[in-house]
Amino acid sequence: MMLAQWALSMGAVELTQMQWYLLVGTAIAVIGLVRMLLTRDLLARLIALNVTGIGSLMIILALAARTAESGDATGGTEAAGSGIDPVLSALVITGLVITVAFTGLGAVLIRRIEGAQDAERAHTLDDVHDPERSGDAGDRE
Amino acid sequence: MVTWLEQIPAELLPAIPVVMVLLSLTAAVAIFPLPENSVKLRAGINLTAAVAKVLLIIALVPAVVADGARPEFSAPFLPGIDLVLRVDPLALFFAGLSALLWLLTTIYALGYLRGSKNKSRFFGFFSLCVTATVGISFSGNLITFLVFYELLTVVTYPLVAHWGTPASLRAARIYLRYALGGGLAVLIGVVWLTMYVGPVDFADGGAEGVSELVRANPVPALLIFVLLVGGLGVKAALFPLHGWLPLAMVAPAPVSALLHAVAVVKAGVFGIVRVLHDVFGVEAAAELGVLTPLLILAAFTILYGSYQALRQQEIKKRLAYSTISQVSYVVLGVAMVNVLATSGGIVHLVHQGLMKVTLFFCAGLFAEVIRAHTVSQLRGAGRRMPLTSAAFTVGAFGMIGLPPTAGFISKWQLGTGALASEHPWVLWVLVGSSLLNAAYFLPVVYALWFVDADEVAPETLVSGDADSADPLRVKEPKSLLAPALITAGLTLFVGIAASLAFAPLQIARFIAEGVLG
Amino acid sequence: MTAPMSLTLFCLAAVVLLPLLASALSVLLGTAARRVMGVITSVTVLGLVTPILIQVTSGQTLELALGGFESPLGITLRADGLSALFLAMTAIVGAVVSCYAAARPAATGKRLVPAAEQRRRSHPADAGIGAEATAHREARSVVHADPSPVWRAGHAGFWPLWLGCWSGLNAVFVSGDLFNTYVGLELVGLTAVALVALGGRDAWPAALRYLFIAVLGSLLFLIGVALIYSVTGTLDIIASGEVIAELAASHDADLAAVVLALCLISLGLALKVALVPLHRWLIPAHSSAPSAVSPLLSALVIKAALFVLLRVWLWVAGPLPELVILAWVLAGMGAVAILVGSVMALRQSRLKPLIAYSTVAQAGYWFLLLPLLLDPETTALEGQTGTTLEDGAVLAGALGGTVALALGHGLAKASLFLAAGHLKDLYGTDEIDELRGAGRAHPMLVMSMGLSAVGLIGLPLSLGFTGKWLLATSAVAAGHYWILVVLVAGTLFSAAYLLKAVAPLLVMSEDDQTALTLPQAQTHPDDRALTGKAQLAPFVLGLLTVLTGFLGAWLTGVLEVGAPW
Amino acid sequence: MLATPALSSLSLFSPSLLIPLSLLTPLVLVLALGLAGLLPPGQAFTLRRRLTLFAPLAVAPAVLLALLAEPGSDPAALEVPWLLFGAHFGVDLYARPLLLIAALLYGAALLAISWIKLRDAERGSGALSAFLLLSFTGNIGTYLAADAASFYLAFALMSFSAAGLVIHYRTPAARRATRVYLVMSVLSETAILAALILVTSAGGFLLTDSADAAGTAHTGLIQGLLIFGFGVKAGTVPLHVWLPLAHPAAPPAASAVLSGAMVKAGLIGWLRFLPDGETAGAVLLALALTGAFAAVVLGVLQHDPKVVLAYSTISQMGFITALVAVGLMVPDLQAATSAAAVIYAVHHGLAKGALFLGVPVVKHYARGRTGSLVLLGMLGAGLAVAGAPLTSGAFGKYVSKEAVSGIEVLGVGLDQLLPLIATGSTLLLLRFAAVIWAADRDPRRRADGELFSWLGVCAAGILVPWVIGARWVTDPVQAEGVAMPSWEPSTLWDATWPILLGILLAGLAWGAARCGWLPARLSSSEKAAIPPGDLLVAEESLLRRVGSGGGTALDAAHGFTSSAAERWGSFFSAAAERGRHGVSWVEARLGGWESTGLTLVMLLSVVTVITMLVAGRIL
């Protein structure tokens, strides 16, 4: 919220509520994106992915508010003036569901990869101790 | 027998070009899955297809040449452009040559490849290659020509790489590189031309719209001409684009016989004749001013090919370079715009095919029977393989242009045509090339007959027929010898009876008059 | 609505829902039953697509509101020329690959069989993705009681994932509105990542990377869709297209939002199609995927993103003049893709990465049409006499060319990847110089690789040639001569690297006629079909690549149905 | 085999069949000889032996044709529409006598080879008679052809089958002779081909109008080519080098035919095609005269009897060429000079044929009962060649002198010069007599074909020229037989003084040789002072130098272009390789996850900002 005051204090820009959320959403999305693209660690990357997802969904919500607010003529049936445009909110919900699915899949993959890497490291240590036992459990490609 | 063929009902005629193309296609499709050891069945399919094709051509000749029928078949292919197969005398001319020589080369190949592997693959691609050649000859518009032209490239690659040695693969790769480059040049030319004048249908005196194009904006027309003739020049082995031909001699003898004497090389030259006569039309080409440079290029290729042949010691390499120079005779003849020279050029299409196939058959025989690959190894071969050497001599005399053979007829026509055109200096190119031909063929003939083989390598002493008075006489395998003798006989027959009713010279003259009026 | 009409509409809905249903059902079945289910579903989908194709070719766009809910809330399915063609290609490739996977279960991936149940021939609780049980009939001789898990060829998880992916693809092709397209894209992305993961240990990192890319792409797409909705107020493709057209006519300020949306959507989809600077994820994913999966990935999955791109650019955005910068950037990236992809393909020493890079290269071709869409004026040829091209012809030619190239690439690449995968499974490696002379024992495989090479290079009698011809003619008509240069360079390069892949297989003997030491095929107890009839699949696809060469005119006719111009 | 056409049953053969018959019978025989090879060797040998026996009869149709065919009458013309470009054949004024001579000579040669007992027969007589028949067909083909294409066909057939005759003994000398002969005949063939094409395109396809058609276009060029082309065959000076080499190498029967009939083909070529031209005539005359006299000088120094005869042929052909040259220079004299040339050619053919066939006859029959007959025959033939009175030689020289009376060459009357050639030939003949006298004898018991054929030719030599002169060759002025030499003393003296002069000179030379005045090199017995084919060494080295010079120049050019191409190729591929390496380096750098991420971010930001700006501006 200090950030908001700082912006207001600037006074240069008179932000409506919708523009404010738009700005915050974009900021979050960009931060998440940069973080995701630049980390080496997989789990950190997955979390950054979620942050970007949340950021983009916030943008969509801000847009939803805008259309509701302006009661756009083409909007047609949805209730004028009340909070959020229903279609876009449906969009946000689906986005959430899909991000969750992908995060689940990503987590399983990361566990598998790390598991394989640990096994790999364990083997290299064993080989150092008793070489004759190695090789069998190794990948028989 | 012939009378039965003549009564083919008129409405069946348009089906013949399609049947011709499909005939060897079905042969190929039937041959590919055959197991290696089913020699009889494979030979049967091959021969029936080849014989059927020759008969169809004979049936077409009276209809097309005598009473001017132009059977045509078209199928939708691209938006606004169809695949068109049309039979006109020039198409019949080239298709007849390739059908006849396909039959003879199949017989030769059956004998030649008896011991080797991958025969089904070989004969499958062999039939596909002839499909492409017949397709090229019957194509009615530039797109169909391009489709079969590229098909020929694809199909000849495995034939050149048949032996599977690294050398043959390298040669095949270089051939593919040249041919693909050429094909792309033709593609761009065709695209550009189609943009200007719509689908380019072959028509006597040039496709409609092209002459206006040449008048309206000559520069793009010139560029299109250069692209088309350059692309076709690759297969016609014109000077700067001939590098692949000598290398492709690594292929088995029947391949180098049919491909590099008839199918591939002639497809390029046939294309150039089509572009000159039926796309641009001779007047438009003259207006563009492209004929003289083409003439000079062809003349230079003739002399360059002969000069290079002089420096080769390997027989097949020497024949390859002689092919390069001989094929440019056709371009030379066509580039000189008068009936005599054009008929000389077109008739050389067939004559050179017959002569060169004979020479390649004999080269294959020499290599196969007495392991002779270079000219010096041929010493004294006349006594050991008299019939092959006789066929080779007929072919060699044909190349030099001595009278009883077909080579003399085309050289005489080209000579008189050259003097009638406005480039009389071409006569000296012909004379010079005859001298060069004599310079690199006569020593071989001299070595064959008049030099006694100093030492005869024991292993080549195949046990000849035991009671032959001449112990050196080697048994020449029948199935290889018969085609060579037949083509040699044809060279002599066509050379002597040049003015017979449907002899090649008459058809060529008929075509030339049709185009130049 | 006449009887046949309702039948085709039923097919339209069934084509999306049936594979989904089959995917769910197959989770409950055993391994053998799944294969049977898989084949049956693929055949039925093939059957369902034909009436749609016939109906569309007769010139009618099929439109169905699922469950009667009209837009904007309901799901409308629309099948016009473009979607019918992509449906057909996906059905053909999908059916052939499914039969291949059914014939050779070992090709569907590798699974980790824990040591415990190796001794007991019972139903082990498989540690594979998802809880489905896998039954093993083969007798298991245990080498020695080693507790660590062992890799086995074949992964039954292939079927549910592949059928799910298929239904997602069909959903994308027939969806009438942007939101359903998004859902379809996500379904395809999710299942594709899982399919890649079936490839065993070294495929997992690639799968993870693919996951991140997929999610990123779809997030960008989602924001774009939201922006478009906020401006046009509707998600339906046709309706939003009309609204945007009005806005463009009145030079409304909101157009800036539409342009921004287009940028985000285009870049997101370029990411999914693996256009050059963003292509690195595709190479490990497609080459380490199992031999039955990589053809699906290369031939079908990236086509979904391309399909959406074409929908958005032609139907929704209806080429806006403001997009000229974006169009040139994408076309530039496409041209660079062709060159970089080919050069990298030339430098590969293994077969599957080479083919993956070939996909990257061929992807470049599909973006060349964008600048054409923006200024299709035929002034270049105005002065010339004899040109008969009217304005729409350039657009039709460009679209026809791109679609022909994409479909041709689908058939050819599927055949090539199947053949390459087969060789890899047979000889255990896909190093090109270790496979020298392998062609002698498998003439059918080499023939199908040759045929697909013809399709990829774009030699005549293949859809590749038709595509290049249409693209070239419309480029020359619109005066964009640079496309000709790119096409020529692309053709020559593709010939070079395909020759590098196919030629060594033909080698039979060293130069001095000594026999060549052939790679020895590894023993595959549990994969009897390896040398058997499974080789037919790549051959069938190869033949189709060449035979579809005749369909050029028909294809452009179908594309006219429901075309935006 | 073909039943020999009995002379009496003339009606059996309709006259128009004679031309094809005379051309085809020898060819059929050659084909039979060739195909005999397919039989097992035993039968093949006997069949070939029997065929060679029939060979001499193959010339009978040609003789009949010559006798029966009146020029311009029906059998004298034949048109074969399908052969080559529409072939025409015909017997005209010049062709008829030469046809007869050729037929007689070839018949005698074939007789000399085949009708002898097996043990004396030549090795491989089948091949020899086959090649003889082929060259016979070619030779009479050149006479009978009435259009340029078939003339060229016959000429090529004759010259290339002659190579088979020269190489027959396969000795190194024969090989060298054949090589030289082949090179020269290829050059001559090509020159003639170019000339014939020039003539045909000028409208002279049919020989009747060839000469004046040639006059219309490129005349100088055509004359040059024809003089060179037929000069090789007719042994004109710089091109005669193959004759002295070929004759000793070839079997005697073959060299008889070579000198007697084949050389005349050159003559008929000139008569048919050469257009009139002052300069060309002068050049030809100069060459002819130098040839005539130089040949005498060179011939006298030779040791081999056949080489001496070869030089005598060169000198006699010089005489005939001079006549043709005069015809060129003064067109209205042309008819007379051509007729004279033909008559002289007839005389020379038979006489020289007799001498050549005589060489083996002297070797085999000089001793014993036939000795005197041989001496008489050789003396008669020698005197005829020298042109002694009452012989055909005198008749030929008389007619020639009549034809060229009044022509001045460098101030000296031509009809004075021609007798000097007779002196030269007397010298050569005396030299020949001296050399043949010293040659070794190999007596053979019973007389056989060789002797009879020689006697036949001698008889023909005496009778035939007179008959031909009287009835066949019509003198343009009196329109019937050419003027016969009258018996007054003046003509007799004209014929004898050159011979006496020759004998006088020979006596002087003989005396000088006796008392050692002549330089050692000249009188050495075994090696000839100037090797036969004198100019050949010079010409060969010239040709070799030109060939190697041209070859090295072309090789250098080729080397230069190919190295340039290689350099360009390597530069280009190096650049391509660098480009590829660069691309892969950049691509690898883009490989990592972070770098893709970075590119994506950059791309996103840059593209969005620019499009928005552009969109903003447009809006």
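**Notebook: chains B, C and D of a predicted model**

I began with the domains of chain D, which is divided into domain 1 (277–512) and domain 2 (540–618); such bounds come from an automatic or database domain assignment. The centres of domain 1 of chain D and domain 2 of chain D, taken over C-alpha atoms, are separated by 79 Å.

I noted the conventions before going on. This is a predicted model, in which local features need pLDDT of at least 70 and side-chain atom pairs count only at pLDDT 80 or more, while totals for chains, interfaces and linings use all residues. Residues are numbered from 1 along each chain as its sequence is written, and chains are lettered from A and ligands numbered from 1 in the order in which they are written.

**Chain D overall**

I listed 22 helices and four strands in chain D; helices (H or I, at least four residues) and strands (E, at least two) are DSSP runs, numbered from the N terminus. Of the 619 residues in chain D, 53% are buried, a residue being buried if 20 or more other C-beta atoms, placed from the backbone, lie within 10 Å of its own. I then looked at contacts, defined by C-beta atoms, placed from the backbone, that lie within 7 Å. Among the contacts in chain D with a separation of 6 or more, 78% join residues 24 or more positions apart.

I consulted UniProt, where an unreviewed entry lists residues 145–375 of chain D as "domain: NADH:quinone oxidoreductase/Mrp antiporter transmembrane". UniProt positions are given in the numbering used here, feature names are shortened, and annotations may be inferred rather than shown by experiment. In the model, residues 145–375 of chain D are 81% helix and 0% strand, with the end C-alpha atoms 40 Å apart.

**The hairpin in chain D**

I found strand β1 (residues 77–80) of chain D paired with β2(D) in the antiparallel sense over four bridges; pairing requires at least two bridges found by DSSP. L78(D) stands opposite F89(D) in β2(D). Six residues lie between the strands of this hairpin, and L84(D) takes a positive phi near 45° there.

I checked the faces of strand β2 (residues 87–90) of chain D: A87(D) and F89(D) point one way, H88(D) and G90(D) the other way, and all are buried. In a regular strand the side chains alternate between the two faces of the sheet.

**Chain B and its contact with chain D**

I counted 25 residues from chain B and 25 residues from chain D in this contact. On the side of chain B that touches chain D, α18 (406–420) and α19 (426–450) of chain B each supply at least two residues. The largest share, seven residues, comes from α19(B). By class, this side of chain B has 19 nonpolar residues, five polar and one charged. Nonpolar covers Ala, Val, Leu, Ile, Met, Phe, Trp, Tyr, Cys and Pro, charged covers Asp, Glu, Lys and Arg, and polar the others, Gly among them.

I also checked pLDDT, the predictor's confidence in each residue, from 0 to 100. Chain B averages 87, and 94% of the residues score at least 70. Confidence in chain B is lowest in helix α1 (residues 2–6), at a mean of 52, and highest in helix α9 (residues 218–235), at 93.

**Domains of chain C**

I recorded domain 1 (1–110 + 149–318) and domain 2 (338–565) for chain C. Their centres, taken over C-alpha atoms, are separated by 22 Å.

Conventions: Contact = placed C-beta atoms within 7 Å. Buried ≥ 20, exposed ≤ 12 C-beta atoms within 10 Å, placed from the backbone.
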